[in-house]
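Have the structure open while you read.

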Amino acid sequence: MKNIQYINAGAGSGKTTKLTQILSEQLSNTDNRIKPSEVILTTFTELAASEFREKSRHQLFKDGHPDIAAELDSATIGTVHAVALNFIQRYWYLIGVSPDMKVMSEDDLQVYISESLGHYVTSEHIQFFNSYRAYFDIKDAQSKADYDFWKEHLLTIIEKANNYAVDIERSKTDSCAVVERIFSSKTLLNNELLNAFVVLFLSESESYSDSVKKSIRTLLDGLKAKKCTYAIISSLYKELTSEDKYIGKTNRNNLKQSFCQYDALVDNLKDVQMSSGGDNTPGGMMKQMITILFDIAKEWKDDFNAFKAQRHIIDYNDMERLFLKLLSIPQVVNEIKGTYKLMMVDEFQDSSPVQLEIFKLLSDLMQKSYWVGDPKQSIYGFRGADVELVNELTQQFLDKKGDPQLNLTHDNLPNSWRTREPLVKLTNDSFTRAFEGVISKENVELDAARKEVPEFSSSLYHWNCYVPSKGAQYSFHDKVADRIALLMTNRPTVLDKDTQKVRPLQYGNMAILCRRHSECKNFAEALIKKGIPVSYVNNDILQQIEVQLVFTLLKFMVNSSNKHVRADLLHLLEDKPTQVILQSRLDYIMSLKANDEDTAKDLWLDDGNPLIQKLRAFEQTVRNLSVSDLLESIIYGLCLPQVVAKWGDADNRRQNLQSLCSLAKKYDEHCLQMGIGASVGGLLTYLSYAEIDTKIDNAANAVKVLTYHGSKGLEWYYVILSSLEDDSLEEKEFMRKDFWGVRELRHPEPNEQYAYVVQFLPRINSTPKTNLPQPIIDKCKELSTFKPLLDKERNELRHLLYVGVTRARDYLTTLSKQTSKDKLPILSWIKNTGISDGVLTGNAANLWQYEALKPVYEDITNCQEATIPEATEYKHYQYPDNPILCQEPKYLSPSKLPEIAFAQENIQILADLDCRIDPFKPDGVNEAAAGTCIHNIFAVYDPALSHEENVQKATRIRNGNMMYEVIPDIEKVVISIEQLYAWLENTYGAPYAIKHEVPFTQPLPGQIVRGEIDLLWYLNAQECILVDFKNYPGKKAIITTPGESNRHYAGKYASQLKAYHDVLVSAGVTVRDTLIYYSVMGCVVKLKMN
């Protein structure tokens, strides 16, 4: 690890701008110039990579380097996985993978896991799982027997084993050892003593009151049946020892006096609850569960690796592992060292241990590396990021005693360009305390670059709402929605970041951040109810009525004669009550019997219902479509976005339909990848496993409701923070949610193969919200793994709250829900970060412990109720006879414009420049890429440079686009553009100006055409020659011969060129001639547009 500058970039400090500036400086440095093809840059997402490429290109243009900007496509910019795959595909033969490898997406992986696990779970396993469930009386959230509880454990173990370098055998051994330390007793149940007591207890209970008998009915039934389970033992122990249990003090004293060995029984029951002395003890049952699930996980993983090898598939974890392997091969190391000079890493704080190792090894091969990140925003530990390891690594850049020859330097971006000064200072003060001893003060504080404007109101607020635990006529979320509606009637002023002018706040400028998706849903529903536009990600869309409608229509397309499906459609689409449909069905059956007709010829709804008739006609038009096309045709061909609007919340329902279309396309890709056939049934199964896209529509003019995790990388003018009363460090809460279960931990003896172990403690609490017994909690606190997991949760709270606070540009509001009239809640989240004690006394004056800025406190309990807008009256949707099967896209490429009739006599070959690019050998896969490569070379051609200098630039672009074999003789490409320029000058005269890749926009009804004009050869300020480049390498006769199957006929481009021509004319520019230059053929063709 050497020659690295680590840049600490706090929230809103201009990280991307700094990176693009550094890249521009490095690429334009004349003393030691680095070429774009010598750059590797990694980002966290593909979207970020695309945005960075565009912003870097803009920065290069701004700095006066358009020629370098044109070469930027040759830089290696992408996610870590995309970069890794690039090298794997280049050096596949060195690491034993197939050259035609396929990539398994995260959705593919989740579906594969879910579908394949059944092969590993035997009937013996199921029998044990059921015994385990009964022993601990495990129930679901609805208090029903949960027979599938083990599935979540197994899926999580497999997920951890797949995402981390987990030592499964060590994890199994360590987890069993942890169980033995918690359940350290070896006592077995004294059945003789218990049986004697049960006889007495059952007899005594006959005299108990009916209410007591009802309360202990489950216990009495268990004892009668001699079920000596943990649940029964635990329940009996509590009845015999707790003053507040059901049998009461008097009955308990009677039992003590009647049973002389009462104390001995109590001691035995207490010890058995903490015993692992046999298979039928709590610890014994847990160890069996641990062994079974880890063994299944190991067998699954071994078979999964074999499956991938057999099908030539790699997943994202394989990419990292294989790239790391490549970096140990001398040939690869030497070639990388000779090819690349600069590496840049964005979002460094979100790196996994394997990614960190990749970055360290790559830095040894580079002249210079820049790592940019903010450890305070490291919130993706659940995805494999290791904030502790990142912090350890970044400390090396601050170590003044480090080896100076390693050239490890540290820099801070000093300014916050996002947030108002009062909030910046509040953040500095609060989080310097929160991160004390974890992150240095200099890496926390920022200076505010923005200045206050007089129109601003206070930047910090707190809204408290009293909601009685019983009998409330309103909800907390309703009252927050009322307050937001009131806020928007007196809109506060914001400073627009684009125009730098003040304007009123809009709905789209606001966000509510929540800790859980369920809370997001509650807020979203409350806002919708009040008529406030809202944008949120519905992770439960499969349960929504519009999605159920699509599923029902899919089933209809598969079997249109199914009467149940037809009945469902009548209910959903014609609002017919269930009882009306049922009565219609019964009447029809009775009429068949009354007329002695054959009931096998069931024609119910076949002829008399116009809706069914329309759907059957539609069915004929979509019969042969692929699954994804079928679903899309159902949604848009049947105009479902308009249909579902009648159910209210139209925008979110339409968004759900769009999500379904995206998932269906993923399903088609999944089938192709996995080598299986696509079917409607398979799609329905896939949808139940695939992950819904969690990206919110941030451009919508609606209040955004999302999780703190989902807010990373976004910003809003007004941010509302909720979930602040959550106390995840409260002892019982922490043990139940963040200690028990499946947890990854650093391997005690890490090596090249294993960096982590998994601690697995199987569920023993009856319901998901049942707390663990105090004796078990006390034992857990003595374990060596307790503090690391507690510290991990505390760190998560710090980082997540920092992300939430720093999303705000102008205003920040915190929320609290008060359930006791005389007692204000404590904001435990703020307390647990160390910022303050979280109390709201004194109108929340000390909530942030910052004297210079105190919240404006408001009790919103009696906030004026928002006026609910009148509901739109919808009538039954009338389906058109010829439904449109798709919706037009908003933006259109010029090449996608509808063709226009263009006569052959209007096409003229003006010149054959005798400069054919030969050889030119694209195949169907890289033909478009080869054309783009030639376009890029033409775009940066500079007639002021020598032929040799232009060839050097063209060579860099060709090499950067990996077109060595397709365009082996790059000099001929340069000769082609040189000949065109010479011909243009000889034909039209010396140019007044030459413009390449001129941006072009043309509005159409409901659409916008966007693109670039390849070349404008200006004769004067108001007149030009329009030139479009094409790369067809065939014969001249083809381009002048019209024909429906001839896609290379020059007339097929007439609509595209006419659009360019018309826009130029409307801008006051005269287009003397409109030309197509076939660059590979060296042929100039004129299209007569007038």
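Two elements, β1 (4–8) and α19 (387–398), each put at least two residues into the lining of the second largest cavity. Keep in mind that this is a predicted model. The second largest cavity holds about 80 Å³ of space, and α19 contributes the largest share of its lining, four residues.

**Second largest cavity**
- Its lining is made up of Y6, N8, P375, N391, T394, Q395, L398, H410, V438, I439, S440 and N443.
- Sorted by class, that lining comes to five nonpolar and seven polar residues, with no charged ones.

**Largest cavity**
- How many cavities of 30 Å³ or more are there? The count comes to three.
- The largest cavity has a volume of about 110 Å³.
- Its lining takes in 13 residues, and S416, V424, T427, L446 and T806 are the ones nearest the centre.
- Helices α20 (421–434) and α33 (786–805) are the elements that give two or more residues to this lining.
- Of the elements, α20 gives the most, with four residues.

**Second largest pocket**
- Which domains does the lining draw at least three residues from? They are domain 1 (4–101 + 314–413) and domain 6 (891–1087).
- Elements supplying at least two lining residues each are the helices α2 (46–62), α3 (66–70), α36 (927–940) and α40 (1054–1066), along with the strands β24 (993–1004), β25 (1007–1020) and β26 (1023–1030).
- The largest share of the pocket lining comes from α36, which provides eight residues.
- By class, the pocket lining splits into 18 nonpolar, 13 polar and 15 charged residues.

**A helix pair**
- Helix α5 (residues 106–116) packs with helix α15 (residues 282–311) at an angle of about 125°, and their axes are 12 Å apart.
- So α5 counts as oblique to α15, because the angle falls between the 65 to 115 degrees taken as roughly perpendicular and the over 145 taken as roughly antiparallel.
- What is the handedness of the crossing of α5 and α15? The crossing is right-handed.

How values were computed. Residues numbered from 1 in each chain as written. Predicted model: local features only at pLDDT ≥ 70, side-chain atom pairs only at ≥ 80, totals over all residues. Heavy atoms only, no water. Nonpolar A, V, L, I, M, F, W, Y, C, P; charged D, E, K, R; others polar. Domains from an automatic or database assignment. Axes fitted to C-alpha atoms, helices over the stretch in contact; angles between N-to-C directions. Parallel < 35°, antiparallel > 145°, perpendicular 65-115°, else oblique. Left-handed = near helix turned anticlockwise from the far one by under 90°. 1 Å grid on protein atoms, 1.4 Å probe; cavity = no way out; pocket = protein on both sides within 12 Å on 5 of 7 lines; lining within 4 Å. Points joined across faces, edges and corners; volume = space filled by probe spheres on them.
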